[in-house]
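Subject: Structure handover

Hello,

The structure is below, with the sequence. My notes on what was found in it follow.

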Amino acid sequence: MTPELSTTFLDVVREHTAGCPQHAIRWTHLRQPEIARRISATGTPVSCRIVRQLLKQHGFVRRQAQKKTSFKQHPERNPQFENITALKAAYLAAGQPVLSMDTKKKEMLGNFYRNGTLYTRETLAVLDHDFPSYSEGKVVPHGLYDIGLNKAHVNLGTSHDTTQFACDSVERWWSLHGRHDHPNADKILILCDGGGSNPSRSPLFQQDLQALANRLKLEIRIAHFPPYCSKHNPIEHRVFPHVTRACEGVVFESVPLVKQLIERTQTRTGLQVTVDIIDRVYETGRKAALDLKASLRIVADALLPPWNYTILPNSTA
């Protein structure tokens, strides 16, 4: 590659280059054939192969934007992450279950477009608009990832993503897998975000957790991730991307079909995913009981109590 050719390449690209001066990131919107034509117009014919070599030589690599920059950063972000790391290590060392919990994107049922491609013999024709009024229902995937065992369980709801649904999902996991996988457990650590069906400042969530602890007769410890940090929840990067891959491109016609698709999720590291359906209607707009404080056995941590607390089962429940 001659210096003259490199100079010509940079001259061609310079007028069609943009970027972010603060981060020294540059990009060009020109395609390889366009660059080849513009260089050839200067009197030096080149092919797309030469253009690829020039792009690589000068650091232009085809990339896609990555969602890695947090919208904001809470001042207590690092102390909470250190606390979660310590709690997780302590529970795993004691043989107690550690769950990462979250709700995946809700999906409409029906002949709607979904991202992804499939090998098909014919074109898949779907509706050209995703109007909820044309749906045949919806599916709410609520996931629970057992960090110590690398096992995940997804409950498919057909109603609303409420605090009651989240707690019922934990109970379903415990009855199907938890009590068998952890026969000596007397407590559970649940890592979750601070919004959605598990808000960090919701008396209603604590009320439903209390009812859950009473039913399971287990101590439930909650550790919320700081605001704007949901991507660090283990289930977000260890389970949900693989579930998405197993379902991509397929039209969600029914809840049993979604169950079948998610059950085939697998990874090279041996992730196991089981699926169940919770076909219950959940009420929205519920209010916490007026006498909640009297019935709530909650022990808040000294460190960041809104994000870290333990629900103890009532012995009389």
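Glu107 and Arg114 are both buried (buried means under 20% relative accessible area, exposed over 50%, partly exposed in between, with a 1.4 Å probe and protein chains only). Their side chains meet in a salt bridge, 3.6 Å from N to O; the term stands for a side-chain nitrogen of Lys or Arg within 4 Å of a carboxyl oxygen of Asp or Glu.

Some background on the numbers. This is a predicted model, in which local features need pLDDT of at least 70 and side-chain atom pairs count only at pLDDT 80 or more, while totals for chains, interfaces and linings use all residues. Residues are numbered from 1 along each chain as its sequence is written, and side-chain values use heavy atoms, with hydrogens and water left out.

Salt bridges

The count by the rule above comes to twelve salt bridges. Another of them pairs Asp168 with Arg215, with the closest N and O atoms 3.7 Å apart. Asp168 belongs to helix α5 (residues 163-181) and Arg215 to helix α6 (residues 203-216), so this pair ties together parts that are 47 residues apart in sequence. Helices here are DSSP runs of H or I with at least four residues, and strands are runs of E with at least two, numbered from the N terminus. Asp168 counts as buried because its relative accessibility is 13%, whereas Arg215, at 41%, is partly exposed.

Helix α6 also holds Asp208, whose partner Arg286 lies in the loop between β9 and α10 (292-295), so that pair ties together parts 78 residues apart in sequence. The N to O distance between Arg286 and Asp208 is 3.1 Å. Asp208 is buried, with a relative accessible area of 8%. Salt bridges with shared partners also join Asp168, Glu171, Arg215 and Arg280 into one network.

Strands

β5 and β6 pair in the antiparallel sense over seven bridges; two strands pair if DSSP finds at least two bridges between them. They form a hairpin with four residues between them, and Asn150 in the turn has a positive phi of about 55°. Asp146 stands opposite Lys151 in β6. β6 is also joined by seven bridges to β9, and these two run parallel. There, Leu156 has Ile277 in β9 as its bridge partner. Six of the seven residues of β6 are buried, so this strand is largely enclosed by the rest of the structure.

Nonpolar cores

A nonpolar core is a set of buried Ala, Val, Leu, Ile, Met, Phe, Trp, Tyr and Cys residues joined through side-chain atoms within 4.5 Å. The largest has 31 residues, and Leu156, Leu191, Val239 and Ile262 touch the most other members. Elements that each supply at least two residues of this core include α4 (77-93), β5, β6 (151-157), β7 (187-192) and β9 (272-278). A second, separate core of 23 residues includes Cys167, Ile190, Leu218 and Ile311.

Surface

What forms a nonpolar patch on the surface? Leu127, Phe131 and Tyr134 do, with about 320 Å² of accessible area together. Patch members have over 30% relative accessible area and no salt bridge; like charges are joined within 9 Å and nonpolar side chains (Val, Leu, Ile, Met, Phe, Trp, Tyr) within 5 Å. Areas come from the Shrake-Rupley method with a 1.4 Å probe, and for residues only the protein chains shown count as cover. Leu127 lies in the loop between β4 (107-108) and β5 (138-146), and at 37% relative accessibility counts as partly exposed.

Regards
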